Amino acid sequence: MNVPKNLKFAKTHEWVRVEGDIAVVGITDHAQQELTDVVYVETPAVGSRVEAGKECAVVESVKAASDIYAPLSGDVIAVNEELSRAPELLNQDPYNKGWMFKVEMSDLSELNELLSPDDYAHHIGA
Amino acid sequence: MNTERIERFADRHIGPGPEDIQEMLRLVGFPTLEAMIDAAVPPQIRLKKPLSLPAARGEQELLSQLKAIMSKNEVRRSFIGMGYYDCITPPVIQRNILENPGWYTQYTPYQAEISQGRLEALLNFQTMVADLTGLEIANASLLDEATAAAEAMTMCYGLQSREGRNIFFVSDTCHPQTIAVVQTRALPIAIEIVVGDHTKFALNKKVFGVLLQYPATDGRILDYEPFIQQAHEHKSLAVVATDLLALTLLKPPGEFGADVAVGSAQRFGVPMGYGGPHAAFFATRDSYKRHMPGRLVGVSKDAQGNPALRLALQTREQHIRREKATSNICTAQVLLGVMASMYAVYHGPEGLKRIARRVHALATTLATAHGEHQKEPFFDTLHFRRAAKPRGLNAREYPDGSWGVSFDETTTADDLNRLAGRNVEVLSDSQLGAFARTTPFLTHPVFNRYHTEHEMLRYIKRLEAKDLSLTTSMIPLGSCTMKLNATAEMLPLTWPEVGGLHPFAPREQTEGYHTLFQQLETWLAEITGFAAVSLQPNAGSQGEYAGLLVIREYQKQRKQNHRDICLIPVSAHGTNPASAVMAGFKVVAVACDAQGNIDVPDLRAKAQAHRNDLGALMVTYPSTHGVFEETIQEVCQIVHDNGGQVYMDGANMNAQVGLCRPGDMGADVCHLNLHKTFCIPHGGGGPGMGPIAVAGHLAPYLPKHPLAEVGGPQGIGPVSAVPWGSASILTIPWMYIALMGGDGLTDATKVAILNANYIAKRLEPYFPTLYKGHGDLVAHECVIDCRQFKTTADVEVEDIAKRLIDYGFHAPTMSWPVPGTLMIEPTESESKAELDRFCDAMIAIHAEIKAIESGSMDRANNLLKNAPHTAHVVVADKWERPYSRELAAFPAPWTRDHKFWPPVGRVDNVYGDRHVVCICPPVEAYTTADAQPS
């Protein structure tokens, strides 16, 4: 199971890459494997506000629709438009081309609540 | 000579005979059927007396008796309109679809490979609706026009409720039953309904949507475009309830800005049937497709790359999305949707226009004859304020004493003369003016090819042959009760005195129906152990919703309105949480233990934690795991002790009839799936009927209806467009119960339980049964485990399901309620021979899995992964698979005698949901993709 060392993780299987006060968010390799082939991604609207721990997006496979929870609070400043054309990017490249949205963090201390790569690997039993 | 009746219907209905039963009992390990039932059903809930129902009688005798009852109905010419119009069911459609078990006995097309026929008919339905309404995408189908309008309201609310919008404007041009159903639906979810004149309504930023009727309920054709434009400027969405026949001549709603169009397809060849069943439609913009309610057929491709149809975007639906689903709708109106689409195929665009022009001409003539100036244009409906109403005709009567008529396909020159009071010459000038339709519709070849009866007959038969129905083999779908739909039960449905009545016909003309209702209500109350029954809910999901609303109303009357928590076990069917949310409840999940039973300590803890706001528990009995839970009375008691009411889901009633009763166990309300337990055929995904039975303290709150005296004195608003739901199909359970009698029904239940245990026992060495209850027995269905094969052989439950098709069987319920398992419900109607054939197929598949495990069969390229095998694939010149063609297509001896060929290979679900196409693709798509078998 791929758990990159440079990321932080939520227990609900979202990853966060910190770029200054911007957080890039996606779903983990483990999550995409559990979901199987992703057929549709509903990203939050640019300009909307997301709250840590609250639902903010939906990922659909043929068999399930899963809510994605915002790992951090803040304003959404960008979403990955490519996903509407190619939702399979979430399966093929969850940590790079499959990124979902970027948040301008409003409370950097929330980062401390996230899991380290080792803790996340332990969390999923990898 | 003995002149007593020599045949017992129950012996025709129940599969195994006495000797078979003894043999099966030996395997299950009991000396008698009685002993097995004593062991299977917890003694504390056993019904101690026989059901008090009339003794069984024969088919001919009961057909005569029902004929006598229904002959008390007076079938008069109907000009009432209000969304229901008489029409002609083309005989080729009546005999070959409505009266044909090859079309009416299938289940919802979840197994796409063996459902291509009705999926094509439904795709035609969607194409027809999208074309006529001028919108991009349409579903297939909803329960009736009024609930479709309510579904449209909730979809708009979901899309536009941000910024605190909670007002839905309903124009007073809508049918009164539509307004009432929308009001019922809005109340528990805090939507405010404003009914009024759209020309006077001031839109504001609290309004999320508007509903208009086109043409209006009184026949006027109004220009809604400016109002819809304003609505859009206020970020409101516009829903237009409309009429398919009118749209053949009128500018479609999609061309004047409608975001959603809803309505009924009844007048496309489906009898009025005193209210139903009929298919409603729902069309909208492509961008809203993931928010649509109901089933949607989509185009995908199969394993060989050929076009193949399937249900698309199922993740929106209740069985996956539960309390977050777009709607609770499950069973829809497939059979009626198929009929309506075939009506359009048979008549084609020109034929439909001819029918519409004639109807319009008759209306124009009468308007002129009465010399009463109709200010606005009209299509088929007129409203008179001065002209005298002729006697002896069923016209629409308005509350202010004025009257009106609607014309239809069956209206004759004689009718017109009677209405005019003299002989009149039919005028041909159109009154539509600027509203006349200019865009073509139904241009696809399917609507332009089959206009002769021979061509039509063959098209219907071609599609029928693609589907596996009960005419081929058992359909052992767990939780669906695919039992015999006996021909004698079906015959009355097409009697004119059953089909020919308008739902709002005067009460005194419907004596026959009311005798039927009264008897059926009495019988169902006896079977469930309850005090009163409402026949209004049109499907199981609607029954759940109605039952929960009744509970809410009861709580409200006790000043306990705040009780809004609904406990639902995690094992519940997805409709439960979806219905609870619609009824304004908040769902709290209750855990299940390792045996699949409700975790009583968890239930108690949650009930106590919510003792101040507990409203209800929803529980299925026997459980969705197919087990008679011994704690059911305790469960009911805990809920009552904490202020809640118990809703029992009647999906599994086939294990209870005559043995135990929801009312005796402590439940307060239950619904019955008449299309499961009481023999209404599944119709390929509807019609259903979901009446509710309630204890005495809830009877005052049963649903009312604005156009009939029905329901309790403090009843909730209507949940269905008509007072008695799909009234015409109530003849089926009436026949079934009367044919079986109390003893026959009880015998059926016992054998249903025996059949399930026989299968569980025969398959045990190969596929262990996951859950067992009292006496180490299952109830009327068994969940068998297939998860182990994923690790040992890379075989998934889906592979087993698809391989069963090669053996000529429909798979059991897949991955529900437990992922990776199969749930088998044989029902009492399957003979031992058929059960053995099914078990033999499963055991043979098990051997095929063993071959993969042992390495003698490839793990990726094998009989299961490549299933189902089409004729196309096995007769191809090239065959490069590591097993023989014979093994692929003829794996069991009976397949040589009768082979059901799947029309397509394994359908690609992922492709279909990534490229959603829900209207008929151009013909080239079918001819160019003739890919090589791989």
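The model is predicted: local features need pLDDT of at least 70, side-chain atom pairs count only at pLDDT 80 or more, and totals for chains, interfaces and linings use all residues. Residues are numbered from 1 along each chain as its sequence is written, and chains are lettered from A and ligands numbered from 1 in the order in which they are written.

**Chain B overall**

- Chain B has 32 helices and 23 strands. These are DSSP runs numbered from the N terminus: H or I over at least four residues for helices, E over at least two for strands.
- The radius of gyration of chain B is 27 Å, close to the 30 Å of the globule rule for 934 residues, so chain B is as compact as a globular protein of that length. The radius is taken over C-alpha atoms, and the rule is 2.2 Å times the number of residues to the power 0.38.
- The C-alpha trace of chain B spans about 85 × 75 × 70 Å along its principal axes.
- Of the 934 residues of chain B, 60% count as buried. Buried means 20 or more other C-beta atoms within 10 Å of the residue's own, exposed means 12 or fewer, and partly exposed lies in between, with C-beta atoms placed from the backbone.
- Take the contacts in chain B between residues at least 6 apart in sequence: 78% join residues at least 24 apart. A contact needs C-beta atoms, placed from the backbone, within 7 Å.

**Nonpolar cores**

- The largest nonpolar core holds 304 residues; among those touching the most other members are Ala149(B), Leu211(B) and Val239(B). Such a core is a set of buried Ala, Val, Leu, Ile, Met, Phe, Trp, Tyr and Cys residues joined through C-beta atoms within 7 Å.
- Beyond its neighbours within four places in sequence, Ala149(B) contacts Thr178(B), Val182(B), Leu211(B), Val239(B), Ala241(B) and Val262(B).
- A second, separate core has 34 residues, including Val25(A) and Ile68(A).

**Helix α21 of chain B**

- In α21(B), residues 600-609, the buried residues are Leu603(B), Lys606(B) and Ala607(B).
- They cover an arc of only 100° around the axis, so they sit on the same side of α21(B). The arc is that of the directions from the helix axis to the C-beta atoms.
- Exposed Pro601(B) and Gln608(B) lie on the face turned away from the buried side of α21(B).
- The buried residues of α21(B) pack against β15, β16, β17 and α22 of chain B.

**Phe838(B)**

- Phe838(B) lies in helix α27 (residues 832-854) of chain B.
- Phe838(B) is buried, because 25 other C-beta atoms lie within 10 Å.
- Not counting residues up to four places away in sequence, Phe838(B) touches Met474(B), Pro476(B) and Phe809(B).
- Phe838(B) and Pro476(B) are 362 residues apart in sequence but 9.1 Å apart in space, C-alpha to C-alpha.

Technical notes: Contact = placed C-beta atoms within 7 Å.
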